Amino acid sequence: MKKLFLFFFLCLIFSKVNFAQTTEVWVVRHAEKDKTNPEDKDPNLSDEGKIRAGDLATFLKKTKFDVAFSTPYKRTHQTLDSLIIPKVINYNDPKSLVDSVKKNYVGKTVIVAGHSNTVLEIIEAFGGKRPKEMFTEDDYDYIFRLIIKDDKAKVKMDQFGRPHHL
């Protein structure tokens, strides 16, 4: 009987440890896109955007990512190209992204490239509070680090590369 009780007690402890894992999620907007052709719905990064993508890699050089998430657009993929990431997975909306991370990447380090109209939604979808009220079309230098534990996210906002409002 004691062995059975000990077995259940250990199972309970290990299940609690598993549920209490911390997931680290970095959220960034894609770098500057090429605006020379207003008709292009899927432009590449501009030269300035390529520099910013390099700045992102420098900013995150000590962070080892397990996976990256990107929208199907070239600019989000290209923003992550300077980072060494084993796998880049497309997502279509913040809910599908959060579901995938919670199901497959608990306890891992993840980076997400989004857009000006999705970055703050992604942070909220993970359970974090908006660190800014809104993004402008010129906000390219912000990065957000979410520490997620038990469906609660602590959000830290930082900036990288050349400030965009110069």
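**A mixed sheet and the helix across it**

Lys 149 sits opposite Lys 152 in β6. That facing pair belongs to a predicted model, in which local features need pLDDT of at least 70 and side-chain atom pairs count only at pLDDT 80 or more, while totals for chains, interfaces and linings use all residues. Residues are numbered from 1 along each chain as its sequence is written, and side-chain values use heavy atoms, with hydrogens and water left out.

β5 and β6 run antiparallel and are joined by eight bridges; two strands are taken to pair if DSSP finds at least two bridges between them. Their hairpin has two residues between the strands, and Asp 150 there takes a positive phi near 55°.

Zooming out, the chain has five helices and six strands. Both kinds of element are DSSP runs numbered from the N terminus: helices are H or I with at least four residues, and strands are E with at least two. Read from the N terminus on, the elements go α-β-α-β-α-β-α-β-α-β-β. The six strands make an open sheet in the order β3-β2-β4-β1-β5-β6, with mixed pairing. β3 (88–90) and β6 (152–159) stand at the edges with a single partner strand each, so one side of each is left without a neighbour in the sheet. From one strand to the next, the twist averages 20°.

What does "mixed" look like here? On the parallel side of things, β2 (residues 67–70) pairs with β4 (residues 109–114) over four bridges, and Phe 69 has Val 112 in β4 as its bridge partner. By contrast, β1 and β5 pair in the antiparallel sense over six bridges, with Val 28 opposite Ile 143 in β5. In a regular strand, side chains alternate between the two faces of the sheet.

Now for the helix lying over part of this sheet. Helix α4 (residues 94–104) lies across β1 (23–29), β2 and β4, and runs at about 170° to β2. For such angles, axes are lines fitted to C-alpha atoms, for helices over the stretch in contact, and the values run from 0 to 180 degrees between N-to-C directions. Which residues of α4 are buried? They are Pro 94, Leu 97, Val 98, Ser 100 and Val 101, where buried means under 20% relative accessible area, exposed means over 50%, and partly exposed is in between (1.4 Å probe, protein chains only). At the start of α4, a side-chain oxygen of Asp 93 comes to within 3.0 Å of the backbone nitrogen of Lys 95.

Thr 79 counts as buried because its relative accessibility is 2%. Leaving out residues up to four places away in sequence, Thr 79 touches Arg 29, His 30, Ala 31, Leu 45, Ala 53 and Leu 56; contact means heavy atoms within 4.5 Å.

Next come the charged pairs. Side chains of opposite charge can pair when their charged atoms come close. How many salt bridges does a search of the whole structure find? The search turns up seven, a salt bridge being a side-chain nitrogen of Lys or Arg within 4 Å of a carboxyl oxygen of Asp or Glu. One of them joins Glu 48 to Arg 162, with the closest N and O atoms 2.5 Å apart. This pair ties together distant parts of the chain, 114 residues apart: Glu 48 is in helix α2 (residues 47–59) and Arg 162 is in the segment after β6. Glu 48 is partly exposed at 34% relative accessibility, and Arg 162 is partly exposed at 43%.

Asp 151 and Lys 102 form another salt bridge (3.1 Å, N to O). It, too, links distant parts of the chain, from the loop between β5 (142–149) and β6 to helix α4, 49 residues apart. Asp 151 is exposed, at 56%, whereas Lys 102 is partly exposed, at 40%.

As for the chain as a whole, buried residues make up 40% of its 166 residues. Among contacts with a separation of 6 or more, residues 24 or more positions apart account for 62%.

Key
A polar contact is a pair of N or O atoms within 3.5 Å; within protein, one must be able to donate a hydrogen and the other to accept it, and residues adjacent in sequence count only if both atoms are side-chain atoms.
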